[in-house]
Amino acid sequence: MPIPASPLHSPLPSLLLSLLLKLAGATCVFHVQQAELSWTALTGESIALSCSVPDTLPDGPVLWFKGTGPDRKLIYNFKQGHFPRVNKIGDTTRPGNTDFSIRIHEISLADADTYYCMKFIKGKPIKEYQSGQGTQVFVTGALGRHLMTMSGTKTRKSLHECSSLHPLSLW
């Protein structure tokens, strides 16, 4: 059931501020913000990925994706779906909410990649409006007697195997 807007949390102040700034000749650009550029975790840990979406952007859903392009994978949808290892951090049902951060539990080597918080236009879920810059997640875990570090990027995944103090990169 939808929560009615409270007069105390009306979007009017932010709209009024935008109008006043525009009339004064100021130019303001509001963006989807992801605070961390990278995050390193051990397998089994939980990580928090932050995302702030200004309430001045057009109405529409915010989704989290792993990777980019046609192979990207939906990680979290704040409105629907079942995501067993991922949960929201902020109260996204609160009027005026700007926090769309998530927590991913039980990190594994397969979770290494770049994660994007994306704002879409209401009624056009396949039309991306704006994306955060992405947070690259590095995952380190033990495999036998070796320490493995996985990192994902837009173009490739790399595997680093370290035994003792002599790192060996496998490309």
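Three strands make up an open sheet, in the order E2-E6-E5, with antiparallel pairing. Strands (E) are DSSP runs of at least two residues, and helices (H or I) are DSSP runs of at least four; both are numbered from the N terminus. Two strands count as paired if DSSP finds at least two bridges between them. The edges of the sheet are strand E2 (47-49) and strand E5 (86-88), each of which pairs on one side only. From one strand to the next, the twist averages 25°. For such angles, axes are lines fitted to C-alpha atoms, and values run from 0 to 180 degrees between N-to-C directions. Strand E6 covers residues 102-104 and is joined to E5 by three bridges; the two run antiparallel. Within this pairing, Asn87 has Arg103 of E6 as its bridge partner.

The model is predicted: local features need pLDDT of at least 70, side-chain atom pairs count only at pLDDT 80 or more, and totals for chains, interfaces and linings use all residues. Residues are numbered from 1 along each chain as its sequence is written, and side-chain values use heavy atoms, with hydrogens and water left out.

The protein chain contains one helix and twelve strands. Of its 171 residues, 34% are buried. Buried means under 20% relative accessible area, exposed means over 50%, and partly exposed lies in between (1.4 Å probe, protein chains only). The chain exposes about 10,900 Å², and carbon and sulfur atoms supply 61% of this area. Areas come from the Shrake-Rupley method with a 1.4 Å probe. Among contacts (heavy atoms within 4.5 Å) with a separation of 6 or more, 55% link residues 24 or more positions apart.

Aromatic side chains were examined next. The whole structure holds four aromatic pairs. The Tyr76 and Phe78 rings have centres 4.9 Å apart and planes at 80°, so this pair is edge-to-face. Tyr76 also pairs with Phe83; this pair is tilted, with 5.2 Å between centres and 50° between planes. Rings of Phe, Tyr and Trp (its six-membered ring) pair if their centres lie within 6.5 Å; planes under 30 degrees apart are stacked, over 60 edge-to-face, and the rest tilted. Tyr76 and Phe78 are both buried, and Phe83 is buried too. One aromatic cluster unites Tyr76, Phe78, Phe83 and Phe100.

Another ring faces a charge. The charged end of Arg72 sits over the ring of Phe65, 4.1 Å from its centre. This label requires NZ of Lys or CZ of Arg within 6 Å of the ring centre and within 35 degrees of the ring normal.
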